Amino acid sequence: MSPGIATSRVWTAASLVPLLSAITAASVDLLPLPDAAPRALSPSLLLGVCYYWTIRRPDFLPSWVLFALGAALDIAGGMPPGLTALGLLLARGLLGSWRRFLLRQGPVLVWFGLAPVLLLVGLVRWGVLSTLVGGMLPVEPVAAEAGLTFALYPGMTWLLGLLERRLPVPHHAARG
């Protein structure tokens, strides 16, 4: 087997890890939480996964994948198609200019960098939904979803970090 073929297989296997973690997060986002309330609040795990991979390895989770996952999540969850996709692409766009800075920071600062992203994405989604229903929706669910996602992010980072550390380093990255 030639080195090019082996490298290609490793790269393909590695590139599936972020995609599978995003699909898993989107699937969990659709699960009903064990709560007596009919519309229980839940975190946005997909947004947390998007944030992690956009900072760590954006090449493994391209914008078109985020768009497709967001649109599929909206359709499956009964939301207006494109609303989650808009939020994910907004988060990715915001992180484009912050990425290099965040890569040089410790985990606590990276975690705190998530807060403004969550709030901005939540407020944009809230604004679009309020416009679609023709009136101001309550803003508390936006803050609650952001707070839940923010609170779970360190655990998500730990799990995603375990996955990332097990990824082989592609040849072109190993050379510097």
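Predicted model: local features only at pLDDT ≥ 70, side-chain atom pairs only at ≥ 80, totals over all residues.

Two residues are in contact when they have heavy atoms within 4.5 Å of each other. With that in place, consider the contacts in the protein between residues at least 6 apart in sequence: 71% of them join residues at least 24 apart.

Residues are numbered from 1 along each chain as its sequence is written, and side-chain values use heavy atoms, with hydrogens and water left out.

What are the secondary structure elements? The protein has seven helices and zero strands, where helices (H or I, at least four residues) and strands (E, at least two) are DSSP runs numbered from the N terminus. The pattern along the sequence is therefore written α-α-α-α-α-α-α.

Next comes burial. A residue is called buried under 20% relative accessible area, exposed over 50%, and partly exposed in between, with a 1.4 Å probe and protein chains only. Of the 176 residues in the protein, 35% are buried. The accessible surface amounts to about 10100 Å², and 70% of this belongs to carbon and sulfur atoms; such areas come from the Shrake-Rupley method with a 1.4 Å probe, and for residues only the protein chains shown count as cover.

Let us take the helices in order. Helix α1 covers residues 3-30, and leucine 30 lies in it. Leucine 30 is partly exposed, at 40% relative accessibility. Leaving aside residues up to four places away in sequence, leucine 30 touches Leu73, Ala76 and Gly77. Its C-alpha atom is separated by 9.5 Å from that of serine 42, which is 12 residues apart from leucine 30 along the chain.

Helix α4 runs over residues 83-103. It has 21 residues and reaches 28 Å from its first C-alpha to its last, close to the 30 Å expected at 1.5 Å a residue; the expected span is 1.5 Å times one less than the number of residues. Where does α4 kink? The kink, of about 60°, is centred on serine 97. The bend at a residue is the angle between axes fitted to the seven residues ending there and the seven starting there.

Helix α5, residues 107-133, has 27 residues and reaches 39 Å from its first C-alpha to its last, close to the 39 Å expected at 1.5 Å a residue. Its buried residues include Val110, Leu114, Val117, Val121, Arg125 and Trp126. An α-helix has 3.6 residues a turn, so residues three or four places apart point the same way. The cover over the buried residues of α5 includes α2, α4 and α6. Just after α5, glycine 134 takes a positive phi of about 80°.

How many salt bridges does the whole structure hold? A search finds three, a salt bridge being a side-chain nitrogen of Lys or Arg within 4 Å of a carboxyl oxygen of Asp or Glu.

One of them pairs arginine 56 with glutamate 164, with the closest N and O atoms 3.1 Å apart. This pair links distant parts of the chain, 108 residues apart: arginine 56 is in helix α2 (residues 45-56) and glutamate 164 in helix α6 (residues 140-165). Arginine 56 is partly exposed at 36%, whereas glutamate 164 is buried at 13%.

Another joins arginine 125 to glutamate 145, at 3.7 Å between the closest N and O atoms. Arginine 125 lies in α5 and glutamate 145 in α6, so the pair ties together parts that are 20 residues apart in sequence. Arginine 125 is buried, with 16% relative accessibility, and glutamate 145 is partly exposed, with 27%.

Arginine 57 and aspartate 59 also form a salt bridge, their closest N and O atoms being 3.8 Å apart. Here arginine 57 is buried at 19%, while aspartate 59 is partly exposed at 45%.

I close with the surface. Leu86, Val128, Leu132, Val133 and Leu137 make a nonpolar patch of about 400 Å². Patches are made of residues with over 30% relative accessible area and no salt bridge; like charges are joined within 9 Å, and nonpolar side chains (Val, Leu, Ile, Met, Phe, Trp, Tyr) within 5 Å. Which helix gives the most to the nonpolar patch? Helix α5 does, with three residues. Leucine 86, by contrast, is placed in α4, and it counts as partly exposed because its relative accessibility is 38%.
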